[in-house]
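Here are a few exercises to work through with the model open beside you. Try each task before reading its solution.

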Amino acid sequence: MKEKLFAAIQYILPHHLISRSMHYLVDCRIRWVKDSLIRWAIDHYQVNMDEAQRPKAEDYCNFNDFFTRALTDGARPLPDDNSLVVSPADGTISQIGDINDGRIFQAKGHDYSLVALLGGDLALAERFMGGKFATIYLSPKDYHRVHIPVAGELEQMIHVPGRLFSVNQTTAETVPNLFARNERVVTVFATQYGPMAVIMVGAINVASIETVWAGQVTPQRGHVATTTYGKASQPVQLGRGEELGRFKLGSTAIVLFGKEQVEWLTHWHAGQTIRLGEALACAHGANAGTSPDDNKDNQ
């Protein structure tokens with residue numbers, strides 16, 4: 001009953017108004033306000049500041065600066081094997097598996113449309129039919145920058161307007177089509193494994209989503225906005241593990257690959273925690289049985 005009530009309340013909340021109000025708080029530069037808020041978050045969520053480039057609350061100009069903090073060099077080493085696909089973020093694997101009949105599994109009793117997730121672009125969705133998906137939830141304690149899982153060249157970016165439901169497990173289990181409802185930024189790359197999409201899904205209290213090539217992605221009210229890259233503009237190329245974008249406050253990243261391109265490593269399952277740079281997948285037909293200990297040995 002509590003879960004259903006929590007979900008029901010979210011339907012009537014003014015999501016964007018709440019998020020805009022939160023934006024003013026997390027951008028506040030009044031020293032005692034921002035320092036108190038940052039210290040509270042560090043203590044409440046047990047944030048590991050030893051791996052942050054700036055370990056003290058006083059080092060940040062506002063809460064958003066803290067929330068999108070950079071890590072120390074070497075904090076997230078990559079596997080030596082460049083053919084391995086890596087996790088794009090720190091977080092918890094919400095779900096991982098196959099895209100079946102154009103549907104993606106959300107939680108027990110719920111799945112959602114691949115076409116809807118990609119902003120209604122049927123031609124783009126066709127490129128991922130029968131492929132793979134992984135959904136990673138970033139909690140408040142996690143590092144909130146998103147990195148590219150495998151080297152690629154940006155083909156297009158799609159901003160899809162929507163609601164801002166919470167994306168925690170309780171909401172995923174109770175709100176149908178959650179990730180196809182929420183505001184999101186879809187990035188599509190050409191890679192050695194064919195097309196790859198990294199989707200940054202907004203949530204309540206997420207003040208903005210940014211990419212390294214476009215900066216803050218400004219909401220386009222009422223319609224899907226698509227930007228094409230490559231021949232029409234300066235190419236955007238990222239090496240495996242390079243920063244792709246960031247959330248100002250946290251949310252979810254979804255990774256998609258096409259059919260028979262990659263295999264998720266078999267030890268990864270829903271509910272497991274994962275860190276940026278850990279090996280997540282290998283080429284289709286390769287040995288997908290790498291253990292977590294093997295992965296650490298490669299780092």
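**Exercise 1.** Decide whether Asn-177 is buried, partly exposed or exposed, and find the loop that holds Asn-177.

*Solution.* Keep in mind that this is a predicted model. Start with the accessibility: Asn-177 has a relative value of 30%. Buried would require under 20% and exposed over 50%, so Asn-177 counts as partly exposed. Next, look at the chain around it: Asn-177 sits in the loop between α7 (169-174) and α8 (178-181). Finally, check the backbone: the phi of Asn-177 is positive, near 55 degrees, although the residue is something other than glycine.

**Exercise 2.** Find the residue that follows α3 and describe its phi.

*Solution.* Begin with the helix. α3 covers residues 31-45, 15 residues in total, and reaches 21 Å from its first C-alpha to its last, close to the 21 Å expected at 1.5 Å a residue. Its buried residues are Val-33, Lys-34, Asp-35, Ile-38, Ala-41 and Ile-42. Step past the end of α3 and you meet Gln-46, with a positive phi near 55 degrees. Gln-46 is not a glycine, and it belongs to the loop between α3 and α4 (63-67). Its relative accessible area is 68%, so Gln-46 is exposed.

**Exercise 3.** Locate Lys-108 and work out how far apart Lys-108 and Ala-172 are in sequence and in space.

*Solution.* Lys-108 is in the loop between β3 (103-107) and β4 (110-113). With a relative accessible area of 77%, Lys-108 is exposed. Now compare the two separations: Lys-108 and Ala-172 are 64 residues apart in sequence, and their C-alpha atoms are 8.9 Å apart in space.

**Exercise 4.** Which strands pair with β9, and in which sense?

*Solution.* Take one partner at a time. β8 (residues 184-191) pairs with β9 in the antiparallel sense over eight bridges. The two strands form a hairpin with two residues between them, and Val-188 stands opposite Ala-197 of β9. The other partner is β15 (residues 252-257), also antiparallel to β9, over six bridges. Here Met-200 stands opposite Ala-253 in β15. As for cover, β9 (residues 194-201) has seven of its eight residues buried.

**Exercise 5.** How many disulfides does the structure hold?

*Solution.* The number of disulfides is zero. Cys-61, at 30%, is partly exposed.

How values were computed
Residues are numbered from 1 along each chain as its sequence is written. This is a predicted model: local features need pLDDT of at least 70, side-chain atom pairs count only at pLDDT 80 or more; totals for chains, interfaces and linings use all residues. Side-chain values use heavy atoms; hydrogens and water are left out. Buried means under 20% relative accessible area, exposed over 50%, partly exposed in between (1.4 Å probe, protein chains only). Helices (H or I, at least four residues) and strands (E, at least two) are DSSP runs, numbered from the N terminus. Two strands pair if DSSP finds at least two bridges between them. The expected span of a helix is 1.5 Å times one less than its number of residues. A disulfide is a pair of cysteine sulfur atoms within 2.5 Å.
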